[in-house]
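Please study the sequence and the structure shown below. The paragraphs that follow lead through them step by step.

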Amino acid sequence: MGKVPRRQSLAVFPGSFDPITNGHLDIVARGLNVFDRVRLAILVNPDKKPLFSIDERAGLIRETYADNPRVEVDTFSGLLVDYAERVGATVIIRGIRAISDFEYEFQMALMNRRLNPSIETVFMMPAESYSYVSSRLVKEVFELGGRVSDLVPPAVERRLCEVYRSPDEDCGPDRGRAP
Ligand code: PNS
């Protein structure tokens, strides 16, 4: 029997990504083990006051995945399930770091299922080493002078440096390296 051509699977990974962290990267990598393409969809949320604008957040993700054509970036507003259906995604990916994430995620998944039963939510667990990493803590730690280089991709660390450090500080790729 001949092979039946298969439609490429697309999973949407929605979030605020303010900014993207290595925990998100870990979830994207796991998503790519299961789906052909993963699209990070940044919510345009006028109620939140983000550190990085939506364009900056998208740019940082684009820079991080410049060499990976299977990872896409987009923004959306309105209902997530409507967005997913519009772009032809059948799956929503969400990361669960700890039980404390579960209740909110469970509620969202069930609400999304009620809104559109043809879109499935898949929960993925990041490596334990990222179980405590969140965008909020990364910003706080960096702002207070802590090191976040193992927690965010280089493009994000550079941008955090530009935002929080004094104008004369070197935020280039060699920052912090021994001379
Ligand atoms: O990274 P976050 O802030 O935890 O992501 C939350 C997000 C964007 C996944 C969620 O707020 C969302 O999907 N918002 C879109 C509006 C929507 O569809 N609401 C109903 C979901 S139950």
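A residue is called exposed when its relative accessible area is over 50%, and buried when that area is under 20%. The model shown here is a predicted one. Arg 147 belongs to the loop between helix 5 and helix 6. Its side chain makes a polar contact with the side chain of Ser 149, at 2.8 Å. In sequence, Arg 147 and Glu 157 are 10 residues apart, while their C-alpha atoms are 9.3 Å apart in space.

From this loop we turn to the sheet. Five strands form an open sheet in the order 3-2-1-4-5, with parallel pairing. Strand 3 (71-76) and strand 5 (120-124) stand at the edges; each has a single partner strand, so one side of each is left without a neighbour in the sheet. From one strand to the next, the twist averages 30°.

Two of the pairings can be followed in detail. Strand 2 (residues 37-43) is joined to strand 3 by six bridges, and the two run parallel. Here Arg 39 stands opposite Glu 72 in strand 3. Helix 1 (residues 22-34) packs on the sheet and touches strand 1 (10-15), strand 2, strand 3, strand 4 (91-95) and strand 5. The direction of helix 1 makes about 140° with that of strand 2. Helix 4 (residues 99-115) also packs on the sheet, where it touches strand 4 and strand 5, and its direction makes about 160° with that of strand 5.

Setting aside neighbours within four places in sequence, Glu 72 is in contact with Leu 10, Arg 37, Val 38, Arg 39 and Leu 40.

The second pairing involves strand 1. Six bridges join strand 1 to strand 2, and these strands run parallel. The bridge partner of Phe 13 in strand 2 is Leu 40. In a regular strand the side chains alternate between the two faces of the sheet. In strand 1, Leu 10, Val 12 and Pro 14 point one way, whereas Ala 11, Phe 13 and Gly 15 point the other way, and all are buried. Because six of the six residues of strand 1 are buried, this strand is largely enclosed by the rest of the structure.

Phe 17 counts as buried because its relative accessibility is 3%. Most residues other than glycine have a negative phi, and most peptide bonds are trans. Phe 17, although not a glycine, has a positive phi of about 50°. Pro 19 lies in the loop between strand 1 and helix 1 as well, and the peptide bond from Asp 18 to Pro 19 is cis, with omega near 0°. Both Phe 17 and Pro 19 are in contact with His 24, as are Phe 13 and Ser 135, when neighbours of His 24 within four places in sequence are left aside. His 24 has its place in helix 1 and is buried, because its relative accessible area is 18%.

The next topic is the interior. In soluble globular proteins, nonpolar side chains tend to be buried together. The largest nonpolar core in this model has 32 residues, and those with the most contacts inside it are Phe 13, Val 28, Leu 40, Ile 61 and Ile 93. At least two residues of this core come from each of strand 1, helix 1, strand 2, helix 2 (54-64), strand 3, strand 4, helix 5 (135-143) and helix 6 (154-164). Helix 6 gives the most to this core, with four residues. Apart from this core lies another, of 11 residues, including Ala 41, Phe 76, Leu 80 and Ile 92.

Finally, which residues come nearest to the ligand? Of the 13 residues around the ligand, these are Gly 15, Ser 16, Leu 79, Leu 80 and Arg 94. A polar side-chain atom of Ser 16 lies 2.6 Å from an oxygen atom of the ligand. For Arg 94, a polar side-chain atom lies 3.0 Å from an oxygen atom of the ligand. In the case of Leu 80, it is a backbone N or O atom that lies 2.8 Å from an oxygen atom of the ligand.

Notes: Residues numbered from 1 in each chain as written. Predicted model: local features only at pLDDT ≥ 70, side-chain atom pairs only at ≥ 80, totals over all residues. Heavy atoms only, no water. Pairing = 2+ DSSP bridges. Axes fitted to C-alpha atoms, helices over the stretch in contact; angles between N-to-C directions. Contact = heavy atoms within 4.5 Å. Core = buried A, V, L, I, M, F, W, Y, C linked by side-chain atoms within 4.5 Å. Buried < 20%, exposed > 50% of the residue type's maximum accessible area, 1.4 Å probe, protein only. Polar contact = N/O pair within 3.5 Å; in protein donor to acceptor, adjacent residues only side chain to side chain. Near = heavy atom within 4 Å.
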